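I opened the model and kept a notebook as I went. The entries follow in the order I looked things up.

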Amino acid sequence: MSQNIAIVGLGRVGSVFMRGMVNKHGKGVNLVCVAEPNETPGRAQAIAADVPLASMEAMAAMGDKVDIIFDLTGNPEVRKQMRELMAQFGNRHTAIAPESVARLIWALIGTEALPEIAGRNTGY
């Protein structure tokens with residue numbers, strides 16, 4: 001059974017995590033879409049890898065099509081906004097995983113280190 005995931009934030013951390021998840025496609029992970037409103041290198045990498053771009057609203061509305069949304073923005077307000085959007089769309093299926101969960105997963109499967117960003121809030 002594959003886990004359908006999405007990623008919010010394709011900065012330094014999110015872009016490395018996204019590349020790893022693209023490489024896990026067909027091995028229990030399906031990267032459904034990513035959200036990055038800014039013109040970051042990670043956004044360009046997503047486009048080049050044919051990973052669909054979506055808004056946070058669209059992600060929240062996907063319901064059971066996305067099992068886990070990884071919030072890799074480092075901004076607690078984004079998680080708050082995502083929870084509010086999910087409530088608005090009645091999405092009780094999708095879990096939001098903060099960066100600390102992504103870092104744990106990465107430690108178990110990654111081949112390169114995720115970037116460390118000083119002062120970054122990685123918790124819930």
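**Entry 1: Val 78**

I started at Val 78, which is buried, with a relative accessible area of 13%. Here buried means under 20% relative accessible area, exposed means over 50%, and partly exposed covers what lies in between, with a 1.4 Å probe and protein chains only. Val 78 sits in helix α4. Helices are DSSP runs of H or I with at least four residues, strands are runs of E with at least two, and both are numbered from the N terminus.

I then listed its contacts, leaving aside neighbours within four places in sequence: Val 8, Met 56, Asp 71 and Thr 73. Contact means heavy atoms within 4.5 Å. I also checked Val 78 against Gly 9: the two are 69 residues apart in sequence, and their C-alpha atoms are 9.5 Å apart in space.

**Entry 2: Ground rules**

I noted that this is a predicted model, in which local features need pLDDT of at least 70, side-chain atom pairs count only at pLDDT 80 or more, and totals for chains, interfaces and linings use all residues. Residues are numbered from 1 along each chain as its sequence is written, and side-chain values use heavy atoms, with hydrogens and water left out.

**Entry 3: The chain as a whole**

I counted 5 helices and 4 strands in the protein chain. From the N terminus on, I read the order of elements as β-α-β-α-α-β-α-β-α. The radius of gyration is 13 Å, close to the 14 Å that the globule rule gives for 124 residues, so the chain is as compact as a globular protein of that length. That radius is taken over C-alpha atoms, and the rule is 2.2 Å times the number of residues to the power 0.38.

I took the box along the principal axes: the C-alpha atoms fill roughly 35 × 35 × 30 Å. Buried residues make up 42% of the 124 residues. Among contacts between residues at least 6 apart in sequence, 74% join residues at least 24 apart. The accessible surface comes to about 6,600 Å², and 54% of it belongs to carbon and sulfur atoms. Those areas come from the Shrake-Rupley method with a 1.4 Å probe, and for residues only the protein chains shown count as cover.

**Entry 4: The sheet**

In what order do the strands of the open sheet stand? I read β2-β1-β3-β4, with parallel pairing among the 4 strands. β2 (29–35) and β4 (95–97) stand at the edges with a single partner strand each, so one side of each has no neighbour in the sheet. The twist averages 25 degrees from one strand to the next. Axes are lines fitted to C-alpha atoms, for helices over the stretch in contact, and angles run from 0 to 180 degrees between N-to-C directions.

I went through the pairs next. Two strands pair if DSSP finds at least two bridges between them. Strand β1 (residues 3–8) pairs with β2 in the parallel sense over 6 bridges. Asn 4 stands opposite Asn 30 in β2. Helix α1 (residues 12–23) packs on the sheet and touches β1, β2 and β3 (68–71); its direction makes about 145 degrees with that of β2. Helix α5 (residues 99–109) also packs on the sheet, touching β3 and β4, and its direction makes about 100 degrees with that of β3.

On to β3: 4 bridges join it to β1, and the two run parallel. Ile 5 stands opposite Ile 68 in β3. Ile 68 in turn has Ala 95 in β4 as a bridge partner. β3 and β4 are joined by 3 bridges and run parallel.

Is β1 enclosed or open? I found 5 of its 6 residues buried, so β1 is largely enclosed by the rest of the structure.

**Entry 5: Asn 91**

I moved to the loop between α4 (76–88) and β4, where Asn 91 lies. Asn 91 counts as buried at 8% relative accessibility. Not counting residues up to four places away in sequence, Asn 91 touches Met 59, Ala 60, Gly 63 and Met 86.

Which backbone oxygen lies 3.0 Å from a polar atom of the Asn 91 side chain? It belongs to Ala 60.

**Entry 6: Asp 50**

I finished at Asp 50, in the loop between α2 (41–48) and α3 (56–61). Asp 50 is exposed, with a relative accessible area of 67%. Its phi is near 60 degrees, a positive value in a residue other than glycine. Most residues other than glycine have a negative phi.

Technical notes. Polar contact = N/O pair within 3.5 Å; in protein donor to acceptor, adjacent residues only side chain to side chain.
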